[in-house]
Amino acid sequence: MMTEIKPLTAEAFAKYGDVIEVDSKEPIGINYGYTERFHDLANIDVTAEGGRAGVSIFRSQPLPMPISIKIMERHPLSSQAFMPLSNEPYLVVVAPAGEFDESRIEVFLAQPGQGVNYAAGTWHHFCLALNKPSNFLVVDRTGKGHNCDEVELKEPKSIFV
């Protein structure tokens with residue numbers, strides 16, 4: 001089954017979490033006017049069951065085309081934010097929180113400079129780099145407790161970019 005790719009916008013992604021970007025955000029001048037701060041761009045939620053924020057870098061390899069979506073995951077105790085460090089587009093594959101329903105999977109094309117913050121419990125695929133290996137700055141929960149569920153799709157979905 002083929003899946004439609006939509007542009008990543010804050011409005012289209014709102015039910016899954018936050019789009020992290022500076023477009024349309026009002027900066028705050030800091031550091032004596034030499035720096036603009038784009039403040040509080042995502043709701044980072046990592047403290048359930050004594051968790052704390054962890055900062056990592058993930059390096060994602062592009063998958064062969066067409067991309068086959070077979071597995072989805074969620075983090076029930078926390079949000080998970082991804083900010084691309086490479087100047088490459090990537091795909092964001094999500095489904096609503098709650099009982100997994102593969103018919104509700106959506107695919108978004110994220111542009112360089114657009115990050116995502118998945119709300120706690122949002123189903124998502126791992127990072128889908130396009131074109132070449134890409135690095136992502138990741139802010140998520142570290143600590144005790146089970147914080148990753150995976151489901152296998154009954155019917156894999158194909159994505160053609």
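Select Asn117, which is buried, with a relative accessible area of 1%; buried means under 20% relative accessible area, exposed over 50%, and partly exposed in between, with a 1.4 Å probe and protein chains only. Asn117 sits in strand β10 (residues 115–118). Helices (H or I, at least four residues) and strands (E, at least two) are DSSP runs, numbered from the N terminus.

The model is predicted: local features need pLDDT of at least 70, side-chain atom pairs count only at pLDDT 80 or more, and totals for chains, interfaces and linings use all residues. Residues are numbered from 1 along each chain as its sequence is written, and side-chain values use heavy atoms, with hydrogens and water left out.

**Around Asn117**

Keep Asn117 selected and display its contacts, a contact being heavy atoms within 4.5 Å. Not counting residues up to four places away in sequence, Asn117 touches Phe13, Tyr16, Gly17, Asp18, Ile20, Ala42, Asn43, Ile44, Ser79, Gln80 and Ala81. Next, draw the distance from the side chain of Asn117 to the backbone oxygen of Asn43, which is 3.0 Å. This is a polar contact, that is, a pair of N or O atoms within 3.5 Å; within protein, one must be able to donate a hydrogen and the other to accept it, and residues adjacent in sequence count only if both atoms are side-chain atoms. For orientation, Ile159 is 42 residues from Asn117 in sequence and 22 Å from it in space, C-alpha to C-alpha.

Ser79 is placed in the loop between β6 and β7 and counts as buried at 1% relative accessibility. A polar atom of the Ser79 side chain lies 2.8 Å from the backbone nitrogen of Asp45. Beyond four places in sequence, the residues touched by Ser79 include Asn43, Ile44, Val46, Tyr118, Val139 and Arg141.

Which side chain is joined to that of His75 by a polar contact of 3.5 Å? Select His124 to see the partner. His75 is found in the loop between β6 and β7 (80–84), and counts as buried because its relative accessibility is 10%. Leaving aside neighbours within four places in sequence, His75 is in contact with Gln80, Ala120, Gly121, His124, Asn147 and Cys148.

**Thr122**

Go on to Thr122, in the loop between β10 and β11. Thr122 is buried, with a relative accessible area of 3%. Its side chain reaches the backbone oxygen of Tyr16 at 3.1 Å. Not counting residues up to four places away in sequence, Thr122 touches Tyr16, Glu73, Arg74, Val94, Ala95 and Ala97. Ala12 is 110 residues from Thr122 in sequence, and the two are 14 Å apart in space, C-alpha to C-alpha.

**Backbone geometry in the loops**

Most residues other than glycine have a negative phi, and most peptide bonds are trans. Select Tyr32, in the loop between β3 (28–30) and β4 (35–37); although Tyr32 is not a glycine, its phi is positive, at about 60°. Tyr32 counts as exposed, at 82% relative accessibility. Then select Glu49, in the loop between β4 and β5, where phi is near 50°, a positive value in a residue other than glycine. Is Glu49 buried or exposed? Glu49 is exposed, with a relative accessible area of 58%.

Now display the bond between Met65 and Pro66, a cis peptide bond with omega of about -10°. Pro66 lies in the loop between β5 (52–60) and β6 (67–74).

**The cavity**

A search of the whole structure finds one cavity of 30 Å³ or more. On a 1 Å grid over the protein atoms alone, a cavity is a set of points where a 1.4 Å probe fits but cannot get out, and lining residues have an atom within 4 Å of a point. Grid points are joined across faces, edges and corners, and a volume is the space filled by probe spheres set on the points. To view the lining of the largest cavity, select Phe82, Tyr90, Leu91, Val92, Val116, Tyr118 and Cys127. The elements that give two or more residues to this lining are β8 (90–95) and β10, and β8 gives the most, with three residues. The volume of the largest cavity is about 30 Å³.

**Confidence**

Finally, colour by pLDDT, the predictor's confidence in each residue, from 0 to 100. The protein has a mean of 93, and 99% of its residues reach 70 or more. Confidence is lowest in β4, at a mean of 87, and highest in strand β11 (residues 123–124), at 98.

How values were computed:
On a 1 Å grid over the protein atoms alone, a cavity is a set of points where a 1.4 Å probe fits but cannot get out, and a pocket is an open set with protein on both sides within 12 Å along at least five of seven lines; lining residues have an atom within 4 Å of a point.
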